[in-house]
Every structure is written in C-alpha cells, then in structure tokens.
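Hi everyone, thanks for coming.

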Amino acid sequence: MKKLAKSLLAIVLAVMMVVSLGACNRDPNAVGGETIITSKTQLYVSNFNGGYGDEWLQKLKARFEEEYKDTSFEEGKTGVQVLIDNAKDTGSAISTTISGSRNQVFFTEGVYYYDFVNQGLVADITDIVTEDLGKFGEAGVTIEDKFLPQQKGFYKTTAGKYFGVPHYSAYYGIMYDVDLFEEKRFYFAADNKVDAATTPYNTAINNGNNGFIFERDDVRSNGPDGKPGTFDDGLPATYEEFFILCDYIQGAGCTPICWTGEHRQGYVQWFCQALAVDYEGLEQMLINYNFTGTAKNLVKSIGSDGTVTFEQPKAITNANGYEFYKSAGRYYALDFYQKLTSNTSYYHSKSFNATQSHMMAQQEFLFSKPEAVSPIAMLHEGIWWENEAKDAFADIAAQFGDEYGRNSRRIGMMPLPKATKDKVGETFTVLDTHNSLGFINANCEPDELALAKLFLQYANTNESIVEYTVTTNTPKALQYTMGETDLAKMSYFGRSVWNIRENCDIVYPFSTNPIFVNNQQALSYNSMFESTINGTTFNQIADDLRGTRSDRKTSKDYFMGIIAKYNKSWWEASFSKWFN
Amino acid sequence: MEKLIKVKGMNRRRRAEKVFYWMMLALPLLQFCVFYIVVNFNSILLSFQTIETDISGGGYIYSWVGFENFAEVIRLCLNEYELVCSFGNSMMAYGIGLVFGTAPALLFSFYIYKKYPLGGFFKIVLFLPSLISAVAMVLIFKYFVENAYPAIMETLFNMKVEGLLANPDTTFATVIIYGVWLGFGGGILMYLGAMNSISESVVEAAHLDGITPMKEFFKITLPLIWPTLVTFLVTGIAGIFTNQLSLFTFFQDKANKSYYTYGYYMFLHTKAGMTEYPHVASMGLLMTIIVAPITLLARYLLEKFGPSVD
C-alpha cells in the first residue's frame with residue numbers, strides 16, 4: 001500500500017513537472033493569444049505595457065496590416081501580421097535578452113541609449129530617420145525633423161548615425177480634480193486694484209476669503225504663468241499660496257493631496273525633482289548635464305527664516321560641475337515637501353502605507369469624490385496615470401454614472417507653483433524622465449529588417465503620432481501639432497497635458513559630455529537628492545524630511561548635506577579623467 | 001570462447017554505461033564551463049579594466065588599469081557611507097540568522113522529528129514561505145505589518161500605531177525579521193532530512209538508558225547531523241557578501257542607504273550599466289579573496305572541534 005502510494009505520488013509529481021515544463025514551450029502557432037497566419041509575413045513587436053498600455057499599438061497594428069495587406073514581404077506570402085509581445089521589460093532587462101529575442105521592433109523605457117549602441121544591440125536606422133515621409137503623405141518631412149534639437153544632439157552619434165526614435169513623454173506633477181475645484185471654488189481671486197496684464201502676481205490675498213473667489217464667476221488670479229485669461233488662472237501661483245490652498249481644502253472637508261505609499265520614496269523624489277526643475281528652468285537645467293554654462297542660482301547661505309542668499313553667477317565646466325549641486329531649486333523643493341508633510345491633514349492617511357500602490361492611490365483619488373468621503377483634491381503622479389487608471393474609470397462610471405467616466409470627468413495637470421513671487425511669470429519647465437525609445441533588434445535578418453524599419457517609420461508618421469496622443473492622452477516625445485478635431489477626441493486631462501506641453505519648456509536628460517555619458521545613472525537628477533549630515537548619508541526624502549517626525553532633518557540641513565556630499569573631492573575622485 | 005564472449009559483452013556494457021554517463025554529464029559540464037568558468041574568468045579580467053562609452057557608437061572603450069579598481073573599491077569600502085553600513089548590516093544579518101534562525105530551526109526540526117503535537121502543522125507553515133514566490137511573500141508580509149498590525153494594536157490595545165514599514169524606526173528590524181522567517185523553511189527541511197536518517201536503533205538504545213529529550217538532542221542528534229549543519233554554517237559564511245536581505249523586493253532601488261548590504265550594493269551597481277561592471281567585478285573578486293580563506297578556516301574549525309559521533 002505504501003509502495004503504491006509512493007508510486008502514485010511519483011507519477012503525480014512527474015506529470016506536474018511535465019505540465020509546467022510544457023508551459024514553457026511557446027506554441028509556434030499563437031502569440032499573445034493570436035494565431036499565426038502562415039500566408040502572411042510576421043513582424044514581432046515588443047511593448048512595455050505599463051502606464052501607456054497597448055491600445056495605441058493595437059490601433060497602429062490594425063492600420064499597418066490594412067495598409068500593407070496586398071504587399072508581399074517574402075516569397076509566397078502576402079500581407080503582414082504584427083504580433084505584439086506585451087512583456088513589461090525596461091531597457092536594462094531587454095539589453096540582456098534582445099540578442100536572443102525574436103522581437104524585431106521594441107517600444108520601451110529606461111533605455112541608456114549608448115549602452116545599447118555600443119553593445120551592438122540595436123540596428124542602424126539612419127536611413128528611415130532621414131528619409132522623406134512622402135510615401136506616407138508627409139512630403140518634405142522626415143522623422144529627424146520631428147526631433148527636438150536636444151534630442152538630435154544626443155541620438156545622432158558622432159558618426160552621424162541614428163539607432164532609435166524617442167517614444168513617449170513622461171513628466172511628473174500634480175493632477176487636480178477640476179470638477180471638485182469648480183464645485184468648492186478652490187481658486188484664487190484676482191486683485192482688481194492691479195493691472196493683471198502687467199502684474200504677474202496679482203492674487204487678492206487679503207480679500208477676506210483667504211484670497212479665494214467668492215463666486216465661480218469672480219475673476220481669477222493670473223496663476224503661475226503670470227498671465228490673465230490662461231488655463232492656469234486661479235491656481236496657486238506660489239508655494240505659499242499652495243499651502244493656503246491646502247488649508248482651505250482641508251477646511252472644506254476635503255483631503256488636499258495623495259500619493260502612493262508603497263512607492264513613496266521614488267514618487268516623492270520625482271516630485272521634488274519636478275519642483276526643482278521648474279525652479280531652475282531649461283537653461284539652468286541643461287548645465288546639469290552638459291557642464292557648460294553659467295550657474296545663476298547657486299546658494300551662498302540660507303537664513304534661519306529660510307531666506308536664500310545667492311552667490312555671484314559662476315561659469316560651470318567639467319572641472320567644477322559639483323558647484324551645480326548648490327543650485328537653489330533643490331532647496332526650495334525639499335522645503336516645500338517638508339511643509340507639505342508637516343500637517344497630517346494635508347495628505348491622505350495612506351500616503352505612507354507600504355501597501356498603497358500607485359494604482360490604489362489613483363483609485364482612492366478617483367473614488368473619493370463620488371463616495372463623498374473627504375474627497376481628494378490632488379494626486380501626485382506622472383502623466384500616464386490616466387491611461388493606467390482606465391479600468392478604475394470604467395468601474396467608477398459603472399458604479400456612479402458616466403459623468404465620472406474617463407471622457408467626462410475633468411481632471412487636469414496643474415502647472416506647479418513657483419517658489420517665490422518673483423518667479424511668477426517664468427515658463428513652466430518639466431523634465432522628461434523615462435528615456436523612452438523605439439528601436440530595432442540588430443539581430444534581424446535582412447528581409448526582417450526592412451519590414452521592421454517600415455513599421456517603425458510608419459509608427460512615427462504624423463497620423464500615427466496623433467493617434468497615439470489621442471489614445472493615451474499623453475504626447476509623444478517629438479515635435480508635432482494636434483488639430484482641433486484631434487484635440488476634441490481627447491479627454492479633459494489629455495487636453496490639459498497637451499496644453500502644458502505647448503506652453504512649457506521640456507528638459508531632456510541627455511548630454512554627450514563624457515562625464516554624463518559614462519555615469520548616467522549616478523548623475524541622473526533624481527539620484528542627486530542624497531545628503532550627508534554628520535557623517536550619515538540620507539537618501540529617503542519621503543521619510544527623512546517628513547514634517548511630523550520628531551527626528552526629521554530640516555530642509556536646510558538636508559540641502560547643506562547635499563552640498564557636503566557632492567563636493568569637490570568626490571567630483572575629482574569620480575570624474576577627473578574626463579576633465580580635458 | 002565462452003569466457004571471451006562474456007568478457008566482450010561486459011566491455012560493451014561498460015562502454016555503453018560510460019557513454020550514457022558522459023552523455024548525462026555533458027550538458028551540466030558544458031553549463032558549468034560556460035556559466036561558471038567563463039563568466040568568472042571574464043569577471044576577473046574585467047576587474048583589471050575600465051569601460052568607457054564611445055559616443056561615435058563604435059563600441060565600448062576598454063582600458064587596462066592594473067589594480068586601480070581594487071584601490072578604488074577599498075577606498076569606497078572605508079569611506080562611502082552605504083558600504084560602511086554594508087559591512088555591519090551583512091555581518092548582523094548573518095549573526096542574527098545564526099542565532100535566531102539556525103538555532104530555532106534546529107529545535108523546530110527536532111520537535112518535528114520527534115513527532116510531538118502539531119509537528120506536521122509546523123512543518124508546513126514554516127516551509128511555506130520557501131515555496132511561495134518571493135514577491136508574493138513580501139506582499140503578504142507587507143499587508144500584515146502595514147495593515148493588520150496597526151489594526152490589531154488599535155483593537156486590542158487601543159493604540160494608534162503606524163505600520164512597521166511606514167515607521168522608519170522599525171523598518172530595518174522588520175526586514176531582518178522577514179529574512180529570518182524566510183530562512184527557516186529551507187533549514188528545517190535539511191535538518192529534518194538529516195535527523196530522519198539517524199538509525200532508530202541508536203535512539204532506542206539511548207531511550208533504554210533513560211536519556212531525556214534535551215540530552216538526546218545534544219548527545220545524539222546534533223553530533224549525527226553535524227556534517228549537514230557544518231555545510232549550512234559554511235555556506236552561510238560564504239553568502240555574507242551576497243546576501244541582499246530581500247531589500248530589492250521590498251524597496252526596489254530605493255532602500256535607505258543605512259540598510260544596504262554588499263549584495264544589494266553590487267546588484268544596484270550591476271543594473272547601472274556596463275561602465276559599472278569593472279567596479280563591481282573588482283569588488284566581487286576582493287570579497288572572494290577575503291571570504292574564501294575564512295570559509296575554509298571555519299569548516300576546518302567546525303569539523304575539528306565540533307561534537308564527534310564517537
């Protein structure tokens with residue numbers, strides 16, 4: 001009996017093993033649930049199926065297959081079948097698997113471009129990037145024309161070749177519930193005693209209502225851009241106004257802001273990064289990567305009341321790049337975050353809970369208004385969040401009605417407030433963070449390569465780019481325009497993001513300076529929020545600066561610790577070989 | 001003639017056996033050569049080079065730099081905050097694992113081996129973390145310490161507390177506890193297996209002499225499973241510099257620098273790209289040079305001075 005039981009167990013275990021091994025075997029006749037059509041040529045496309053999803057790619061696939069249904073790409077076959085692999089692999093994962101992958105075209109993020117190029121992992125696509133797109137109805141235009149100057153300078157190697165095309169944009173910021181703001185009148189009022197057109201900062205702070213409008217039709221303040229009659233009117237123009245807003249929101253029985261507790265370290269760091277980047281502006285931020293230019297915001301000292309005294313502008317070179325860590329943007333960002341977390345009623349209770357994922361935070365934000373439980377006014381996220389939350393939008397519409405659905409609900413991206421009043425009126429600046437790229441596997445066979453190039457080229461036609469933007473409600477990281485008809489198809493949030501993109505400066509974290517190229521991760525702006533205080537290194541802004549902690553570090557101490565850590569000795573020890 | 005046929009038959013059979021034996025070994029040997037010898041040889045070569053990016057796209061620039069990488073690694077280990085912390089954390093993780101992991105695992109194994117009440121239950125519950133995927137396990141653990149624990153404290157003791165991971169004062173200890181709990185299962189299984197192979201006649205004889213359970217554990221069980229225990233202790237020492245403490249599963253690349261271990265540091269720097277490989281390679285080689293003799297010495301001492309079967 002025992003022998004029989006043992007034999008049976010052995011058989012069961014063997015069967016289980018065979019079944020699990022069988023699962024490893026790819027069915028050659030099915031990819032992503034789609035059966036292979038042997039009469040057509042297959043094109044395998046890998047997509048990072050994260051926040052931006054794959055709906056845009058499914059639409060692209062459908063059009064491409066239709067466009068080329070009568071074209072033969074190999075003998076005996078007509079038409080093409082695009083097979084999508086939605087593995088969520090970033091650049092670092094793909095770099096280790098691409099040479100053995102059957103995927104020919106890749107759309108992903110986290111790509112350190114020159115790592116891919118120098119390892120020979122990606123195909124030379126100079127021909128399609130510089131080719132006239134006339135065959136797609138865009139005569140006189142090339143993909144290269146759609147690159148911004150900073151992108152051209154980076155993606156074009158010194159040998160004059162291209163190996164990738166920028167894919168999606170990724171900015172971090174504050175998303176606000178426009179419906180809630182309108183309902184509760186969370187907008188600042190304009191001071192009618194000053195000329196709004198000539199006075200960038202014109203909030204009527206002492207109007208008897210803490211500076212807020214009394215009625216919806218009251219004239220709103222200029223907002224951070226310092227101009228009347230623009231999309232940011234009434235929004236907090238300064239950090240000070242932002243906290244007045246938080247008090248006002250909280251007093252109205254709402255929760256001012258939430259973010260993911262599980263990923264708070266990363267998200268808070270990106271939030272501080274976004275604030276710092278906006279403070280610095282495009283010109284100053286580029287010094288951070290090129291180590292060329294004149295730094296104008298270097299901190300000399302910080303008073304006990306937080307007043308910053310600046311140094312004289314200083315020329316930055318490879319040899320003294322460390323000086324840039326004294327730039328005031330980081331200080332103001334850290335100080336903002338500390339104030340935000342100094343009052344527990346400013347943020348959602350789960351913003352420090354390690355099980356509160358980013359998608360849970362999105363759901364809390366979306367459901368809080370219809371559920372009428374301390375509605376959350378703002379969410380710190382990246383611009384892809386709305387596409388990522390599409391299931392939550394569908395659920396909420398099913399539960400509470402279509403007015404809460406994705407295309408009805410009004411949620412906007414808030415231009416960040418300025419650190420000080422004198423900064424109001426400066427252009428809003430964002431950092432494109434994700435190093436997202438489209439490229440082709442260098443291991444393609446010659447006939448596969450031709451088809452892959454055609455697909456990548458097709459994906460970057462104006463029609464495809466516009467379709468991508470309408471579908472994801474986020475912009476591509478390229479230069480292009482959107483017509484009114486196309487904008488009308490987007491959600492309120494998508495139009496808000498487009499509006500910001502059209503009116504802001506975008507910093508791309510690129511440089512061909514050898515110091516940067518050889519130390520990209522170490523020198524990423526996001527990485528440079530570590531601080532050394534009394535011999536201890538701190539890298540957890542979210543917790544170390546949390547205003548309610550008794551042992552919190554002050555923003556001033558933390559900032560001075562950043563300067564102490566990224567000092568001359570460290571710079572010379574790390575990068576001296578590239579000084580000349 | 002008959003004898004000759006028999007001898008020929010035996011030779012053929014032996015040859016067939018040898019062919020089968022080598023065929024079975026061929027793939028593992030090839031894998032060993034490629035994924036161990038070649039990889040480690042390349043790693044050794046890398047530790048004497050630097051890699052720079054060529055912005056013409058022509059490939060990386062490799063340069064021989066002698067022992068510069070090692071000097072840099074030593075400098076960093078003595079001065080860089082996270083590496084200084086790594087030394088303490090890696091040692092502490094091993095020590096805590098030894099005292100609070102290995103010792104209780106031995107006692108639990110003995111309890112299960114003696115078939116005391118609920119032994120089967122303990123066997124399953126303690127081994128379960130080793131079966132479930134690490135990411136799922138961390139998620140379950142997080143839900144407990146972040147949601148269940150505060151709820152329990154509020155319900156039972158009327159105390160409002162933060163989750164153990166949300167509270168920076170308890171975060172690291174929580175991660176350590178998770179590591180100890182996770183390590184239980186594998187140890188229990190191995191020790192239990194070793195205990196089950198103890199001859200019953202020896203145990204019966206001891207019982208006839210009136211031995212108590214504690215005496216049985218120290219005088220019979222422990223000496224007889226000592227080789228298994230030595231294997232675990234020695235491999236534990238070898239693993240000091242590679243133990244990540246599940247930090248990446250908990251925090252991805254955003255762990256507090258004061259929690260770093262050498263394993264976590266090296267993993268993060270490998271992710272940073274090819275230009276970091278020489279730095280990590282030289283660190284790995286340096287640690288091998290340090291830990292290899294310690295491991296061999298530990299094995300020698302444990303075998304020489306450990307309890308003897310006699």
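Let's start with Lys61(A) and Glu34(A), whose side chains meet in a salt bridge at 2.9 Å, N to O. By salt bridge I mean a side-chain nitrogen of Lys or Arg within 4 Å of a carboxyl oxygen of Asp or Glu. Lys61(A) sits in helix 2 (residues 55–67) of chain A and Glu34(A) in strand 2 (residues 34–35) of chain A, so the pair ties together parts that are 27 residues apart in sequence. Helices (H or I, at least four residues) and strands (E, at least two) are DSSP runs, numbered from the N terminus.

Before going on, a word on the source: this is a predicted model, where local features need pLDDT of at least 70 and side-chain atom pairs count only at pLDDT 80 or more, while totals for chains, interfaces and linings use all residues. Residues are numbered from 1 along each chain as its sequence is written, chains are lettered from A and ligands numbered from 1 in the order in which they are written, and side-chain values use heavy atoms, leaving out hydrogens and water.

Back to our pair: is Lys61(A) buried or exposed? Lys61(A) is buried, at 9% relative accessible area, whereas Glu34(A) is partly exposed at 25%. Here buried means under 20% relative accessible area, exposed over 50%, and partly exposed in between (1.4 Å probe, protein chains only).

Next, Glu183(A) forms a salt bridge with Lys369(A), with the closest N and O atoms 3.3 Å apart. This one links distant parts of the chain, 186 residues apart: Glu183(A) is in helix 7 (residues 178–184) of chain A, and Lys369(A) is in the loop between helix 11 (358–368) and strand 13 (376–382) of chain A. Glu183(A) is partly exposed at 39%, and Lys369(A) is buried at 16%.

There is also Arg549(A) with Asp551(A), at 2.5 Å. Glu311(A), Lys314(A), Glu323(A) and Lys326(A), meanwhile, are linked in a network of salt bridges. How many salt bridges are there over all chains? A search of the whole structure finds 39.

Finally, over to chain B. The axes of helix 3 (residues 81–113) and helix 8 (residues 213–238) of chain B come within 11 Å and cross at roughly 135°. Axes are lines fitted to C-alpha atoms, for helices over the stretch in contact, with angles from 0 to 180 degrees between N-to-C directions.
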